[in-house]
Amino acid sequence: MKEERFKSIQFVRELIIYLDNMLEGFPKKDLEIKRKIKEESYEMLENVYLANITTDLKNRQENLEKVIAKVKVIDFLVNLSYDKKIINQKRFLKVGQRLDDISKYVTGWIKVTVTNKE
């Protein structure tokens, strides 16, 4: 379980760094999408850290489920950016892979948390 915790934090931090670089070139007319992607990614990091420090398994599971929800929102926003031709396919695929990695590790962490609750 420790590996999932630290891998998840590492993956989210790497995603944020990549997103920050990607978002630099966003056009002014799409600043709302840019703002929302940043906001969701930082909230995702916060939820991973909260899940990491809490000892209450129910609270941990809730925070991890919020991470999965943030992954889906960011995925939607990046997909929208790709559809609007704000980002290219290479960036779209890279973000998608990073989100997939986060989702896999957090899902595994949730399964371990649920198993420990029972």
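1. pLDDT is the predictor's confidence in each residue, on a scale from 0 to 100. The protein has a mean pLDDT of 92, and 94% of its residues reach 70 or more. Confidence is lowest in helix α1 (residues 2–23), at a mean of 86, and highest in α3, at 97; helices here are DSSP runs of H or I with at least four residues, numbered from the N terminus. Where pLDDT is low, the predicted coordinates should not be read in detail.

2. This is a predicted model, in which local features need pLDDT of at least 70 and side-chain atom pairs count only at pLDDT 80 or more, while totals for chains, interfaces and linings use all residues. Residues are numbered from 1 along each chain as its sequence is written, and side-chain values use heavy atoms, with hydrogens and water left out.

3. Helix α2 (residues 31–53) packs against helix α3 (residues 57–83) at an angle of about 160 degrees, and their axes are 9 Å apart; axes are lines fitted to C-alpha atoms, for helices over the stretch in contact, and angles run from 0 to 180 degrees between N-to-C directions. α2 is therefore roughly antiparallel to α3, a term applied to angles over 145 degrees. The residues of this contact of α2 with α3 divide into 14 nonpolar, four polar and six charged, where Ala, Val, Leu, Ile, Met, Phe, Trp, Tyr, Cys and Pro count as nonpolar, Asp, Glu, Lys and Arg as charged, and the others, Gly among them, as polar.

4. Serine 41 lies in helix α2 and, at 1% relative accessibility, counts as buried, which means under 20% relative accessible area, with exposed meaning over 50% and partly exposed in between (1.4 Å probe, protein chains only). Leaving aside residues up to four places away in sequence, serine 41 touches Val12, Ile16, Leu19 and Ile74, contact being heavy atoms within 4.5 Å. Serine 41 and leucine 15 are 26 residues apart in sequence, and their C-alpha atoms are 7.9 Å apart in space.

5. Threonine 54 is found in the loop between α2 and α3, and is buried, with a relative accessible area of 13%. Its contacts, not counting residues up to four places away in sequence, are with Asn59 and Arg60.

6. Lysine 85 is in the loop between α3 and α4 (89–117), and is exposed, with a relative accessible area of 73%. Although lysine 85 is not a glycine, its phi is positive, at about 60 degrees. Most residues other than glycine have a negative phi.

Conventions:
Helix = DSSP H or I, 4+ residues; strand = E, 2+ residues; numbered from the N terminus. Parallel < 35°, antiparallel > 145°, perpendicular 65-115°, else oblique.
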